[in-house]
Amino acid sequence: MKRTVVVSLIGTQLDYVGKRVDRWGKWRPNVSLCSQDDLIVNQLHMLHDNHSTRLANNVAVDIESVSPETNVVLHNVNFNDPWDFEEVYSKLYDWCHQQTFDTDKNDYLFHITTGTHVVQICSFLLTESGHFPGRLIQTSPDKNNNNKAIGRTQIIDLDLSKYDQLATRFDREHLEGKEFLKGGIQTKNTAFNRLITQIEKVAIRSSDPMLLTGPTGAGKSQLATRVFQLKKKRAMLKGDFVSVNCATLKGENAMAALFGHTKGAFTGAQKERSGYLMTANKGVLFLDEIGELGLEEQAMLLHAIENKTFHPVGSDRTVSSDFQLIAGTNKDLKSEVESGHFREDLLARINLWTYELPALKDRREDISANIDYEVSLYEQKTGQRIQFNKEARDTFEQFATSADAIWSGNFRDLSSAITRLCTLADSSRISVDDVKEEIERLKQSWLSPEQSKSASKLQKYFSQTEIEQMDYFDAHQLNYVLEVCSQHRSMASAGRELFNVSRAKKAQTNDSTRLQKYLHKFGLSWSQLTG
């Protein structure tokens, strides 16, 4: 069997009762520890300081009386201030480091009943970290035992399965954190869920800069806001969330807006301004589109991140701001570095935690959940309950998850679409006609400038699907023909303009017939064009 070895501190108050005979009727932690019927302490390492040497010796003698099998070893450990966490932890750590622990032969227990609360906390930390390779034990008086000196003990094993409930609670908190970052949306995309899991860990464990990349509308701003809110919920921040779109910071005002300025620092500076970095003190500064910042602003930002200090424009006075930076960009910052538009040292500083948010088209399995989320947002804003009828929901979801839906604006497109559908829905029910109209509107918004130009006249006579099924050549040519026809009162007149060269080579001019055949190829007639 293994021997039981206990480490304990002398209790200068609880262990002291002098040499009175009635001391055997009093509960004393270290004596009680060695008086248990179901626990044999083979060796007790008792720590004491210079002022408690006599008390430690007296307790050792009493322990020998009640437990002759216990070998008491006294250790002189002096704490100048037993409430100083750094000192206590350091000296207990050094003591543990000096010992030779044989876990094959011995079971080790750390007695946490005596000593200051700081000592008890440090004992726990050393045991939890494995620097003390054992378990914790605590003693207390036992009101149910007639022998008041015996008391009772409880062993705390930090690895025991009975503490799974605590671990489960922590897991549940992590799950709640991840769900919070996702806005409560039950996402299915594996890569995105894995990304959120890591962001949740970093958000609660680190205050280093975070870089969110991805296309416009992928949700960088929303995620940055939720990271801040999560840290705020965990009482990790005291300050505010300050969001800045760097694309709006241009010219000489950019520096002043970020770092503040003194009164009269430049023309128009009629009063002092603190700036965004100072406003974000003890909070989070979100710099969206950070790639749009000028090189001079980038240099000052790097200094502010590394030193938490900077100079407002026009001032020789150094000011401090302890903020966490979250940056967002839809640019490839490495390419920007190569082209000389972004500082390499700044990228290296903010690139510690970089996360690329996928586009909506790459998360089609999450579209259904996001539709529900957007509808619920509309209901919260307006107080109206809106629903799709089944056919309308199926039609919209089928289109939204198909290759036809390119979602170039990502979640902004989806949010706008749901807002329009909810607003236009009669009797709070989104119909199939509502959905079909919205689908055509989305397709039109996704057309390139060239496609839009080609479709300007075609849309009057063809559906968006029909236009998309045309070759670019046919679409451009037919659009031009329709444009010419709209400027003439007769088919003959339009034909003369369209066939102005080839008609001169024919023995008989047949402009009307040629135009009629061309229009017929696309299912059109002159009467449709002029009707």
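The structure is a predicted model, in which local features require a pLDDT of at least 70 and side-chain atom pairs count only at pLDDT 80 or more, while totals for chains, interfaces and linings use all residues. Residues are numbered from 1 along each chain as its sequence is written, and side-chain values use heavy atoms, with hydrogens and water left out.

The largest nonpolar core contains 31 residues, of which Leu285, Leu287, Ile290 and Ile350 touch the most other members. A nonpolar core is here a set of buried Ala, Val, Leu, Ile, Met, Phe, Trp, Tyr and Cys residues joined through side-chain atoms within 4.5 Å; buried denotes under 20% relative accessible area, exposed over 50%, and partly exposed the range in between (1.4 Å probe, protein chains only). Elements giving two or more residues to this core include strand E8 (241–245), helix H8 (252–259), strand E9 (284–288) and helix H10 (295–307). Helices (H or I, at least four residues) and strands (E, at least two) are DSSP runs, numbered from the N terminus. Helix H8 supplies the largest share of the core, namely five residues. Apart from this core lies another, of 26 residues, among them Ile367, Ile371, Tyr378 and Trp446. Within the largest core, leucine 287 is in contact (heavy atoms within 4.5 Å) with residues including Val244, Leu258, Leu301 and Ile326, its neighbours within four places in sequence being left aside.

Helix H15 comprises 14 residues (411–424), and its end C-alpha atoms are 20 Å apart, in agreement with the span of 20 Å that follows from 1.5 Å a residue. The expected span is 1.5 Å times one less than the number of residues. Phe411, Asp413, Leu414, Ala417, Ile418, Leu421 and Cys422 are buried in H15. These buried residues fall within an arc of 160° when seen down the axis of H15, and they therefore line one face of the helix; the arc is that of the directions from the helix axis to the C-beta atoms. An α-helix has 3.6 residues a turn, so residues three or four places apart point the same way. The cover over the buried residues of H15 includes helix H13 (367–382), helix H14 (390–400) and helix H16 (432–445).

In helix H7, the buried residues are Lys220, Leu223, Ala224, Val227, Phe228, Leu230 and Lys231. They lie within an arc of 160° seen down the axis of H7, and so line one face of the helix. On the other side of H7, Gln222 and Lys233 are exposed. Just after H7, alanine 235 adopts a positive phi of about 60°.

Alanine 191 belongs to helix H6 (residues 190–205) and is partly exposed, at 45% relative accessibility. The N-terminal end of H6 is capped by asparagine 189, a side-chain oxygen of which lies 3.2 Å from the backbone nitrogen of alanine 191. Although alanine 191 and arginine 363 are 172 residues apart in sequence, their C-alpha atoms are 9.2 Å apart in space.

Threonine 114 is situated in the loop between strand E4 (106–111) and helix H4 (117–128). This threonine 114 is buried, with a relative accessible area of 3%. The side chain of threonine 114 reaches the backbone oxygen of leucine 9 at 2.6 Å. Residues up to four places away in sequence not being counted, threonine 114 also touches residues including Ser8, Asp15, Pro29 and Gln120.

Note on methods. A polar contact is a pair of N or O atoms within 3.5 Å; within protein, one must be able to donate a hydrogen and the other to accept it, and residues adjacent in sequence count only if both atoms are side-chain atoms.
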